[in-house]
Amino acid sequence: LKNAIHLLGRWPIETMPAFFKKADVMLVSLADKTAFNIVLPAKVQAYMINAKPIVAMLNGEGQEVIAKANCGWSANSDDIDGMIKIVEDITKMPKEERIALGKNGYKYYLENFKLDIFMNKVENALERM
């Protein structure tokens, strides 16, 4: 169906690449808890490495990374109206723009989270302590 949203439930991690290939956007949502707000959810990185634009309903670090990477949209954890607006905007957006956002995420991932780059950042941070 055109302009349809399909939520497919939970699946084993090994099946995710097949779903990623078919998806136009990927969803991540987290409750407004301090522990969730100070870390980047692994899903965000997984979506970035697969060059998929991200629709997020979360606070803190995840929201900041999505904004810095220009790889999707985010609303605060408790902002239902904001999420509705995001979904409405996505349905009006040309496919090429969504693809460009996914590519932005992929580029950001390579520049910031690739293992060797990430480890250098950790080492530099530890040296400054």
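Student: How do you know that the length of helix 5 agrees with its number of residues?

Tutor: In this predicted model, helix 5 covers residues 80-92. At 1.5 Å a residue, its 13 residues should span 18 Å. The C-alpha atoms at its ends are 19 Å apart, which agrees.

Student: Which residues of helix 5 are buried, and what makes them line one face of the helix?

Tutor: G82, M83, I86 and I90 are the buried residues. Seen down the axis of helix 5, they fall within an arc of 100°, so they line one face. An α-helix has 3.6 residues a turn, so residues three or four places apart point the same way.

Student: What covers that buried side, and which exposed residues are on the face turned away from it?

Tutor: The cover includes strand 1 (26-29), strand 2 (54-57), strand 3 (72-75) and helix 6. The face turned away carries the exposed residues I80, D81 and K92.

Student: Which residues of helix 6 are buried, and why are they said to be on the same side?

Tutor: The buried residues are R98, L101, G102, G105, Y108, Y109 and N112. They cover an arc of only 120° around the axis, which puts them on the same side of helix 6. On the other side, E96, K103 and K107 are exposed.

Student: Why is helix 4 called roughly perpendicular to helix 6?

Tutor: The axes of helix 4 (residues 61-69) and helix 6 (residues 95-112) cross at roughly 105°. Angles of 65 to 115 degrees count as roughly perpendicular, and that makes helix 4 roughly perpendicular to helix 6. The two axes come within 9 Å.

Student: Which residues meet there, and how do they divide by type?

Tutor: V65, K68 and A69 in helix 4 meet N104, G105 and Y108 in helix 6. The residues of this contact divide into 3 nonpolar, 2 polar and 1 charged. G105 and Y108 are also among the buried residues of helix 6.

Student: Where is V44, and why does it count as buried?

Tutor: V44 is in helix 3 (residues 42-49). Buried means under 20% relative accessible area; V44 has 0% relative accessibility, so it counts as buried.

Student: What does V44 touch, not counting residues up to four places away in sequence?

Tutor: V44 touches V28, I54 and I66. As for V55, it is 11 residues from V44 in sequence and 9.7 Å away in space, C-alpha to C-alpha.

Notes
Residues numbered from 1 in each chain as written. Predicted model: local features only at pLDDT ≥ 70, side-chain atom pairs only at ≥ 80, totals over all residues. Heavy atoms only, no water. Axes fitted to C-alpha atoms, helices over the stretch in contact; angles between N-to-C directions. Helix = DSSP H or I, 4+ residues; strand = E, 2+ residues; numbered from the N terminus. Parallel < 35°, antiparallel > 145°, perpendicular 65-115°, else oblique. Contact = heavy atoms within 4.5 Å. Nonpolar A, V, L, I, M, F, W, Y, C, P; charged D, E, K, R; others polar. Buried < 20%, exposed > 50% of the residue type's maximum accessible area, 1.4 Å probe, protein only. Arc of directions from axis to C-beta. Expected span 1.5 Å × (residues − 1).
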